[in-house]
Structures are given as structure tokens and as C-alpha cells.
Amino acid sequence: MSAGRRLAYLCLETPRQGQATYTHVHEIIAGLRDIGWQVDLIATGRGGASSGSRYLTRLFDYFGAQWTLARRLRDFDGIYMRAHFAAWPASIFAYLRGVPVFQEINGLPADIFVTYRWLGRLSGLVNWLYRSQMKMAAHVFVVTEGLKQWALSQAGHERISVVSNGANTALFSPDGPRQADIGTYVAFVGGLTAWHGIATMIAATRQDDWPDDVKLVIIGDGVERDLLTSETMGDRVQWLGRRAPEEVASYLRGCLAALSITEDAGAHLSTGVAPLKLFEAMASGAPVIVTDLPFQKDIVTAFETGIVIPMSSPTALASAVGQLATSRDLAQRLGRNGFAYVSAHATWKSRSAEISTVLSHYLDAEALSPR
């Protein structure tokens with residue numbers, strides 16, 4: 001039973017509107033509240049690679065959020081925690097006080113070394129901090145099957161469930177306004193990072209197979225923005241920066257295809273990727289073009305929602321765009337399949353219900369166990 005039970009959601013990866021972390025955190029909280037949970041978000045306000053904050057400032061922010069949680073620990077039946085190496089003090093404190101912690105893991109510890117390379121010198125400590133928290137956790141939620149296998153090897157227990165990303169189908173759906181004033185285009189939505197294939201997308205627009213009348217629309221911002229100059233983009237690329245979710249939805253509805261061409265130069269994504277952009281595009285009825293990384297390629301292949309291409313291949317991307325441009329019936333069929341998949345399996349409502357079932361089962365068992 002969830003009614004009346006209270007959770008703290010601890011997030012040390014500052015959730016900023018327009019970023020995937022923000023969407024994931026707030027959609028899960030909203031879904032749990034709809035079911036009957038009382039959820040309080042305790043989050044940092046100055047962390048993250050795009051914050052510009054100094055490292056010492058972030059450390060104080062990490063400490064402040066966990067101090068707030070520690071002072072209010074008795075108010076909560078459990079803590080739902082977005083995994084973070086710096087959250088170890090909160091994990092051990094809750095563990096010693098007998099308050100269950102439910103860890104949510106969205107990627108390998110190695111992911112952090114891509115953004116903060118200097119932390120690689122402390123990789124042994126960082127890995128131990130993650131592993132230690134998993135061992136203490138009442139339950140661990142992961143977003144891909146590959147991450148589950150990794151977590152099983154680290155946690156020392158089998159209290160691990162796969163609950164992937166989802167989409168808000170009230171916002172992202174085939175019905176609604178579309179962007180019709182820019183002609184035919186494919187869309188990329190997300191952070192401008194090295195592993196999102198920005199350079200590959202731009203190079204693809206210069207390939208012979210890229211259709212002359214198709215543009216590439218890029219929505220988002222990040223460290224790779226320097227690649228998007230008037231000289232490098234040319235006439236076929238349009239960069240819009242960040243846009244409000246409602247506007248993003250209109251671009252996804254109107255596109256020929258949506259791109260999720262994540263690239264894994266360092267093999268840190270070998271356990272699979274479940275990007276938010278993939279689910280939101282499929283929910284919008286857009287066919288997707290994805291790279292052959294585990295999980296996303298498995299969904300696209302199994303449910304026939306798009307085209308899978310090799311990583312870092314401008315020629316393969318151009319060919320896939322050309323294929324959809326010359327076969328609109330195929331594009332529409334793939335888009336319908338994607339919408340059907342998300343509606344049946346990957347709404348935030350269904351994801352929150354999966355999490356709620358596990359939380360309730362554990363807390364019900366705890367309530368019945370002898371003290």
C-alpha cells in the first residue's frame with residue numbers, strides 16, 4: 001500500500017529544466033504521487049558539468065543536500081536515490097538508522113570520467129563508493145538489462161530490477177501542432193556532447209546519399225556547440241539551441257526521422273543505452289535512426305520502430321535518411337510502431353507503477369517482520 005507513505009528523492013545531479021535528468025526525476029515523482037506516495041525532492045542546485053560552479057562549491061552543495069536529508073530522516077519511510085558517488089554519506093547514515101535506500105542507476109561509474117577526466121585518477125575510490133552503496137541498498141533499479149548484469153556482479157545480491165526510461169504521452173504524441181515552415185527535416189534533440197555524434201550528423205549532410213531537400217535540425221546545447229558554426233553547418237543544418245518541451249514535441253511530430261546515434265568511443269556504454277530522446281521521439285510517432293548499441297537497437301529491431309546503423313558512420317546515416325525520404329510509407333509505418341510501443345510499455349505512468357510495486361512490496365514486508 002502506497003497511501004500515506006513518504007519518500008525522500010535525493011538527487012545530487014542537479015535537475016535543470018530542459019535536461020534529461022530533470023525530466024526523469026520529475027516524471028517519476030509525479031507518477032508516484034499520482035499513485036498515492038508522498039514524495040519530497042531533496043536536490044542540489046549548483047552541480048553538473050554545465051553549471052559553471054567550482055568544485056568546492058559543488059562539494060558544499062552535496063553536503064548541504066545530504067545534511068537536509070539527515071535532519072529529516074525520521075520523516076520518511078524510505079529514500080529513493082539517483083545514484084551518485086558523493087551520496088555515500090547519506091547511504092551509510094540511512095543504512096545505520098534502518099531507513100531503506102532504493103538506488104536508481106542510469107549508467108556505469110565510468111560515465112563520469114568522460115565528463116570529469118581528472119576523476120579518472122580516483123577511479124578506484126569512485127567505483128568503491130558506487131559499489132558500497134549498491135551493497136547497502138534495499139533494492140536497485142537500472143535502466144537496461146546490461147546494467148542489471150553489471151549491478152549483479154557488483155552488489156552481492158539480486159534485489160535488482162530493470163525499469164527503463166519512458167515518455168510523457170500527454171505531451172509527446174502524434175497529435176498536436178507540427179513545425180511545417182521549414183520543409184522536410186530530421187531532428188536531433190539532446191545535449192551537444194561528444195558521444196551524441198554531433199560531428200557524425202554534420203558530416204552525414206555532406207554525403208551524396210543525403211537528400212538535397214532534407215535538413216538536419218539540432219535542438220539542444222552543450223560543450224560541442226563549437227562544432228555548430230555557419231561554416232561547419234552549411235545550408236542543410238539548422239541549430240535551434242534549447243527549446244521548451246512543447247516546442248520540442250512539435251518538432252518531433254513533424255520530422256521525417258529522429259536521431260539517437262550515440263557513439264561509444266570508450267566502451268563506457270557497453271551495458272546499453274536507453275536515452276530519453278528515443279522514447280519521446282517514438283511517442284511522437286517519429287521513426288528513429290539509432291546506432292547499434294545494446295538496448296536501443298534491441299527495441300528498434302524487435303518492435304520495428306526505425307533503422308539501426310553502425311556507430312560513427314556518416315555514410316550509413318545519410319543512407320538511412322535517404323531510405324526514409326524515398327519511402328514515406330515505410331517512415332509512417334515505423335512511426336506508428338514506435339507510438340504503439342511507448343503507449344503499451346513505456347509511459348511514465350507505467351514506469352512509476354513498476355517502481356511503486358517494488359517499493360510497496362519491500363516496505364510491506366518490513367512492516368510485517370518482527371523487530
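This is a predicted model: local features need pLDDT of at least 70, side-chain atom pairs count only at pLDDT 80 or more; totals for chains, interfaces and linings use all residues.

Modeller: Helices (H or I, at least four residues) and strands (E, at least two) are DSSP runs, numbered from the N terminus. Residues are numbered from 1 along each chain as its sequence is written, and side-chain values use heavy atoms, with hydrogens and water left out.

Is Leu334 buried or exposed? Leu334 has a relative accessible area of 5%, so it is buried; buried means under 20%, exposed over 50% and partly exposed in between, with a 1.4 Å probe and protein chains only. When residues up to four places away in sequence are not counted, Leu334 touches Pro287, Glu304, Thr305, Gly306, Ile307 and Leu324, where contact means heavy atoms within 4.5 Å. Between the C-alpha atoms of Leu334 and Pro15 there are 32 Å in space, and the two are 319 residues apart in sequence.

Apart from residues within four places in sequence, Val288 is in contact with Ala258, Leu278, Ala281, Met282, Val300, Thr305, Gly306 and Ile307. Val288 and Met282 are among the residues with the most contacts inside the largest nonpolar core, which has 65 residues. A nonpolar core is a set of buried Ala, Val, Leu, Ile, Met, Phe, Trp, Tyr and Cys residues joined through side-chain atoms within 4.5 Å. To this core, helix 10 (residues 276-283) gives the most, namely five residues. Leu334 itself is included in a second, separate core of 31 residues, together with Met201, Leu259 and Ile309. In soluble globular proteins, nonpolar side chains tend to be buried together.

Phe295 is in the loop between strand 11 (288-291) and helix 11 (296-303); its phi is near 75°, a positive value in a residue other than glycine. With a relative accessible area of 16%, Phe295 is buried. Ser312 is placed in the loop between strand 12 (306-309) and helix 12 (314-326), and its phi, near 55°, is likewise positive in a residue other than glycine. Ser312, however, is partly exposed, its relative accessible area being 45%.

Leu73 is buried, with a relative accessible area of 5%. Beyond four places in sequence, Leu73 is in contact with Ile79, Phe93, Ala94, Arg97 and Val99. One of these, Ile79, is among the residues with the most contacts inside the largest core.

Finally, the whole. The protein has 14 helices and 12 strands, and 53% of its 371 residues count as buried. Among contacts between residues at least 6 apart in sequence, 68% join residues at least 24 apart. The C-alpha atoms fill a box of roughly 70 × 40 × 35 Å along the principal axes.
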